[in-house]
There are 2 protein chains.
Amino acid sequence: MAEILNFSESGKATSDALSDLHEHFSGDLARVETEISSHMASAAELIPEIGDHIIGAGGKRLRPLLTLSAAALANYQGQHHVTLAAAVEYMHTATLLHDDVVDESDLRRGKPTARKVWGNQASVLVGDFLLGQAFRMMVAARSLESLDILSTAAAVIAEGEVMQLAALQNTHMSEDTYLQIIDAKTAALFSAAAEVGGVIAEADKPEIDALKSYGRNLGIAFQLVDDALDYGSVGKVLGKNVGEDFFEGKITLPVILAFHRGDAEARQFWEQALQKVRMPDANRDETAKDFAIALDYLKQTGSLEDTVQRAAHYGEKAKDALGLFAPSKTRNLLTQLVDFCIARAY
Amino acid sequence: MAEILNFSESGKATSDALSDLHEHFSGDLARVETEISSHMASAAELIPEIGDHIIGAGGKRLRPLLTLSAAALANYQGQHHVTLAAAVEYMHTATLLHDDVVDESDLRRGKPTARKVWGNQASVLVGDFLLGQAFRMMVAARSLESLDILSTAAAVIAEGEVMQLAALQNTHMSEDTYLQIIDAKTAALFSAAAEVGGVIAEADKPEIDALKSYGRNLGIAFQLVDDALDYGSVGKVLGKNVGEDFFEGKITLPVILAFHRGDAEARQFWEQALQKVRMPDANRDETAKDFAIALDYLKQTGSLEDTVQRAAHYGEKAKDALGLFAPSKTRNLLTQLVDFCIARAY
């Protein structure tokens with residue numbers, strides 16, 4: 001968790017929200033970790049090895065926390081929220097393994113990716129294994145409605161990734177098209193994670209809608225801040241490589257804003273630079289120079305700040321969605337979590 | 001279907017079993033095709049495009065037929081068997097997409113693979129989409145027990161593939177280890193496909209066990225015949241490239257038998273040849289020469305015939321498993337299907 005706690009410089013109230021949430025749900029989270037470990041066993045030794053590398057290394061557990069929090073807001077009394085939370089983390093981890101293959105990424109959370117260590121083949125297959133195990137866990141929670149929500153999310157996430165892949169060529173992409181992509185590839189799982197917490201608690205429809213809305217808007221905000229952070233944002237650096245998106249030729253909101261706000265010369269730069277970087281024989285020195293120019297354009301046009309502003313807009317929607325629930329410690333922490341996610345950018 | 005009907009040269013009774021089965025279940029199969037098409041729609045255009053390429057091109061639909069047949073044997077009266085059959089085909093197709101990436105295959109059923117046409121990235125993601133859709137369909141069938149069986153199969157298949165990947169180095173592999181691998185990577189889905197047909201029909205436990213056993217043993221037999229056919233077997237050639245397994249350095253039963261039966265020189269040949277072929281700079285002329293030598297060794301040791309003999313053993317087990325069911329047209333066809341699968345080898 002060290003990398004997350006390091007952000008806590010823009011005011012204690014918001015920056016510790018994630019660790020406060022971890023503490024508040026420490027009992028449930030410990031049970032989630034037990035579920036996570038117990039489904040990693042396999043006769044194929046590579047599976048626990050890779051599983052431990054990526055899932056055991058302790059991510060933020062943000063998505064499982066959404067399931068646990070949503071169940072708590074809806075006064076759930078059973079134990080199935082723990083199983084569903086673990087299943088959500090498995091789904092997330094499966095997409096990470098596959099994304100790193102698709103994006104040809106070498107680093108994640110500051111560590112070499114599984115595909116870098118064990119190869120693309122093992123990453124694809126272990127991702128498939130985790131997805132299969134995720135569904136087994138969901139079945140164990142015995143809620144067909146939750147299964148429906150999470151299996152739909154699995155298909156939608158893949159659709160979002162395919163849309164992003166197809167959009168690699170499209171520097172002219174509108175902000176709305178981009179939002180459609182991240183709504184699918186990122187926000188769908190945040191939304192589903194929160195929704196199933198309400199569903200197993202048998203919350204009423206408006207409450208379930210509120211949980212979905214909280215998760216979805218938090219997910220969009222989270223992704224946009226991530227997009228900004230990939231360009232270093234206001235300086236603090238995640239374990240993730242700065243410039244990864246750029247070096248993969250990925251079009252994210254900062255680029256879309258800079259492109260739309262730029263003159264003919266700027267637009268030509270973005271088109272050529274993002275095309276060049278995707279060539280197999282891309283010259284690393286040249287793309288590093290291009291990255292410096294890109295940072296300049298982003299600065300001139302205020303695109304990073306405004307990406308974070310857009311994120312803040314979705315964050316506000318997320319917070320308002322919680323208004324349906326009576327005040328509680330959990331509700332407070334979820335509100336602060338939104339501010340924490342935005343504060344990451346600074 | 002042309003490629004399948006072309007086999008019908010070793011006697012009508014067995015060689016037409018698959019098309020007889022197709023005809024017997026033509027109504028149900030048409031509904032399966034409708035299910036298959038209707039879940040391929042997506043805002044991401046690549047999805048129906050790739051989906052149509054691989055799933056719409058009309059495979060044998062062997063696995064969905066197992067679900068339909070099993071439901072019929074167990075006197076099922078509802079419609080959920082159609083949904084489950086389509087879900088099974090989606091699962092199978094997802095594994096094909098991912099396998100082609102893992103094996104770096106360029107041809108499947110005589111056509112370029114999706115990864116060859118659209119790239120590895122799209123193949124991984126569309127496979128994930130199909131897996132998500134498969135689970136959505138299973139949820140629609142509203143049977144938690146079927147969901148449990150099929151999600152377990154999904155995890156087991158991936159485990160089998162990981163085991164095979166890890167075994168690429170192991171020319172000394174025992175026949176038992178190899179059987180463990182194909183039991184997982186191939187037979188698990190055959191078994192699950194048949195089992196869920198019995199489960200939704202609420203068949204009793206011995207009948208469900210019989211269906212599982214039929215599917216599993218048919219699956220093992222099918223894979224072993226496939227392994228033999230990859231070396232051309234008795235001459236008839238599938239759309240699949242002959243020598244694909246060899247050129248991927250894959251260790252299959254024919255190789256295991258030839259290795260165990262060979263002298264020191266033969267063993268050295270197998271070890272070196274299968275290692276060489278996996279090198280990125282493998283010389284295509286040299287590996288073609290090695291393939292010819294491999295065929296000689298296989299012939300000398302009778303390894304292809306005996307692989308088919310082993311397949312026949314599992315085929316007999318499959319047929320006997322059906323003994324629990326009263327004689328019927330479906331039972332006859334399933335018995336003949338086993339003979340057809342073995343007859344493919346000749």
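Select R142(B), which counts as partly exposed because 14 C-beta neighbours lie inside 10 Å. The scale behind this term calls a residue buried if 20 or more other C-beta atoms, placed from the backbone, lie within 10 Å of its own, exposed if 12 or fewer, and partly exposed in between. R142(B) sits in the loop between helix 9 (120-140) and helix 10 (144-166) of chain B. Helices here are DSSP runs of H or I with at least four residues, numbered from the N terminus. Although R142(B) is not a glycine, its phi is positive, about 55°.

The model is predicted: local features need pLDDT of at least 70 and side-chain atom pairs count only at pLDDT 80 or more, while totals for chains, interfaces and linings use all residues. Residues are numbered from 1 along each chain as its sequence is written, and chains are lettered from A and ligands numbered from 1 in the order in which they are written.

Stay in chain B and select A203(B), in the loop between helix 11 (175-200) and helix 12 (205-229). Is A203(B) buried or exposed? A203(B) is buried, with 23 other C-beta atoms within 10 Å. Beyond its neighbours within four places in sequence, A203(B) is in contact with A74(B), G198(B) and I208(B); contact means that the C-beta atoms of two residues, placed from the backbone, lie within 7 Å. For a distance check, pick G56(B): A203(B) and G56(B) are 147 residues apart in sequence and 32 Å apart in space, C-alpha to C-alpha.

Now go to E202(A), in the loop between helix 11 and helix 12 (205-229) of chain A. Phi of E202(A) is near 55°, a positive value in a residue other than glycine. E202(A) counts as partly exposed, with 13 C-beta neighbours inside 10 Å.

Next, show helix 10 and helix 11 (residues 175-200) of chain A. These two helices pack at an angle of about 170°, with their axes 7 Å apart. Axes are lines fitted to C-alpha atoms, for helices over the stretch in contact, and angles run from 0 to 180 degrees between N-to-C directions. Helix 10 of chain A is therefore roughly antiparallel to helix 11 of chain A, a term for angles over 145 degrees. Nonpolar covers Ala, Val, Leu, Ile, Met, Phe, Trp, Tyr, Cys and Pro, charged covers Asp, Glu, Lys and Arg, and the others, Gly among them, are polar.

Then move to helix 3 (residues 17-24) and helix 18 (residues 329-343) of chain A, which pack at an angle of about 150° with their axes 8 Å apart. That makes helix 3 of chain A roughly antiparallel to helix 18 of chain A. Among the residues that make the contact are L18(A) and L21(A) of helix 3, and L333(A), L337(A) and F340(A) of helix 18.

Finally, display both chains. The contact takes 37 residues from chain A and 37 residues from chain B. Which helix of chain A gives the most to the side that touches chain B? Helix 10 of chain A does, with 14 residues. The residues on this side of chain A divide into 23 nonpolar, seven polar and seven charged. End on V162(B), whose contacts in chain A include A44(A), L46(A), L125(A) and F129(A).

Conventions
Parallel < 35°, antiparallel > 145°, perpendicular 65-115°, else oblique.
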